[in-house]
Amino acid sequence: SGNLDQRIELPRAGAIFDAKWAPRGNPQFIVVYGSQPARATLFNAKCEPVFDFGQGAWNCINFSPHGRFVALCGFQSLSGDVEVWDRNTEQLVGAAKMVHTTSFSWSPCSRYIIAATSFPRLRVDNGYRLYEYNGTLLETKDFDKYLLQCEFLPAASGVYPDRPASPRSLELAKKNAEGAKGGDASAKAQPYRPPAARQGADPLGFVRSRSVKVAPGKVDAAVWKSQKASKGAVVPGAPAEEPKALTASQKKNRRKKAKKQEQKASEEAEKLPNPTEGATGEGDDVTALQKRLRNLKKKLRKAQERKQNGDTAEQSEVAHSVGTIEKEIDDIEKKIAVM
């Protein structure tokens, strides 16, 4: 209704790759975000996290026409990993490896997927692959020339019913999960065959084989609020965080640094030429003369120390310098007294 405007703070720093609303059913949307492997989260209409799909090499979201199934895909610069989830039951129902995919399309019945490699995005390996929603490869067609477009024809709403995932797909997913934990010990060992050479290969065989930090599951609102993006991430429009209190050692180091900077600035000021030299008494600025007087007295003390600690040759040289400084000090004091 347009009466809710809210900013969502995501717990993982990085880019937002995709965000899409579900076409039907409960008003929900999914966001794929964070550095790769990215994280995907389902939100309700109040911008509250409902379910976390975990992490994967994803950068786009594709809902089925009925909004029940959602495919989390990793195309373009990624390796083509695709996972299909049932949004209503929050279960993983299928997965596949759809490499070089430039066009992804759901059938109007939400039971089939076409993944095509087309021109002009790619000039080689043009063709399409037809999958069942659970990731089973049904047909492959390659083209010697360019494939320009490949999509399912649309159908009117209500022609096809909204069917849940078949028990076969759920059993397949469950079997794969059990096999990942240890498998059946009574199964006979088989020689290795590449995936393309296997008959009746399990389309979920590689699911969750990658190492991930976030497992799929329901989102606890309290835990979500306590999570924060990595240090250095700034949310536009958010209030700035208050700086942390410094420790005693940090304060001490800062004082030392400030003292060194003041000492360096004072030494550089002494090296600058005297702006009051050669000026007449009435035109001199009192503040400038007083500053010059302080610098001369400091220089006089250092010269006297050198005179006491130096050798005979150096003492005669320093004595001349001391006399010059004392004469200049007397002149400035007289000018200040007249002003």
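This is a predicted model: local features need pLDDT of at least 70, side-chain atom pairs count only at pLDDT 80 or more; totals for chains, interfaces and linings use all residues.

Trainee: What is the order of the five strands that form an open sheet?

Mentor: The order is β1-β2-β3-β4-β13, and the pairing is antiparallel.

Trainee: Why are β1 and β13 said to stand at the edges?

Mentor: β1, residues 16-21, and β13, residues 217-218, each have a single partner strand, so one side of each is left without a neighbour in the sheet.

Trainee: Which strands form the open sheet of four?

Mentor: That sheet has the order β5-β6-β7-β8, again with antiparallel pairing. Its edge strands are β5 (60-63) and β8, as each pairs on one side only. From one strand to the next, the twist averages 20 degrees.

Trainee: How do you know that β5 and β6 are paired?

Mentor: Four bridges join β5 to β6, residues 69-73, and the two run antiparallel. The cut-off is at least two bridges, so the term applies. Within this pairing, N62 has A71 in β6 as its bridge partner.

Trainee: Let us turn to single residues. Why is T41 called buried?

Mentor: The term is used for a relative accessible area under 20%. T41, which is found in strand β3, has a value of 0% and is therefore buried.

Trainee: Which residues does T41 touch, not counting those up to four places away in sequence?

Mentor: They are F29, I30, V31, Y33, P49, F51, D52, F53 and W224. With F51, which is ten residues apart from T41 along the chain, the C-alpha separation is 5.9 Å.

Trainee: What makes the approach of the T41 and Y33 side chains a polar contact?

Mentor: The distance is 2.8 Å.

Trainee: Where is S110 found, and what is its phi?

Mentor: S110 is found in the loop between β9 (103-106) and β10. Its phi is near 65 degrees, a positive value in a residue other than glycine. At a relative accessible area of 3%, S110 is buried as well.

Trainee: Which peptide bonds are cis?

Mentor: One of them joins Q36 and P37, with omega at about -5 degrees. P37 has its place in the loop between β2 and β3 (38-44). Another runs from F119 to P120, with omega near 10 degrees, and P120 has its place in the loop between β10 (112-117) and β11 (127-132).

Trainee: How many disulfides does a search of the whole structure find?

Mentor: The search finds zero; a disulfide would need a pair of cysteine sulfur atoms within 2.5 Å. As for individual cysteines, C109 is buried with a relative accessible area of 17%, and C150 counts as buried at 13%.

Trainee: Which members of the largest nonpolar core touch the most other members?

Mentor: Of its 17 residues, these are V84, M98, F104 and W106. The elements that give two or more residues to this core are β6, β7, β8, β9 and β10, and β6 gives the most, with three residues.

Trainee: What does F104 touch, leaving aside residues up to four places away in sequence?

Mentor: F104 touches N62, A71, C73, F75, M98, I113 and I114.

Trainee: Which residues does the second, separate core include?

Mentor: That core has 16 residues, including V32, W58, F63 and W85.

Conventions: Residues are numbered from 1 along each chain as its sequence is written. Side-chain values use heavy atoms; hydrogens and water are left out. Buried means under 20% relative accessible area, exposed over 50%, partly exposed in between (1.4 Å probe, protein chains only). Contact means heavy atoms within 4.5 Å. A polar contact is a pair of N or O atoms within 3.5 Å; within protein, one must be able to donate a hydrogen and the other to accept it, and residues adjacent in sequence count only if both atoms are side-chain atoms. Axes are lines fitted to C-alpha atoms, for helices over the stretch in contact, and angles run from 0 to 180 degrees between N-to-C directions. A nonpolar core is a set of buried Ala, Val, Leu, Ile, Met, Phe, Trp, Tyr and Cys residues joined through side-chain atoms within 4.5 Å.
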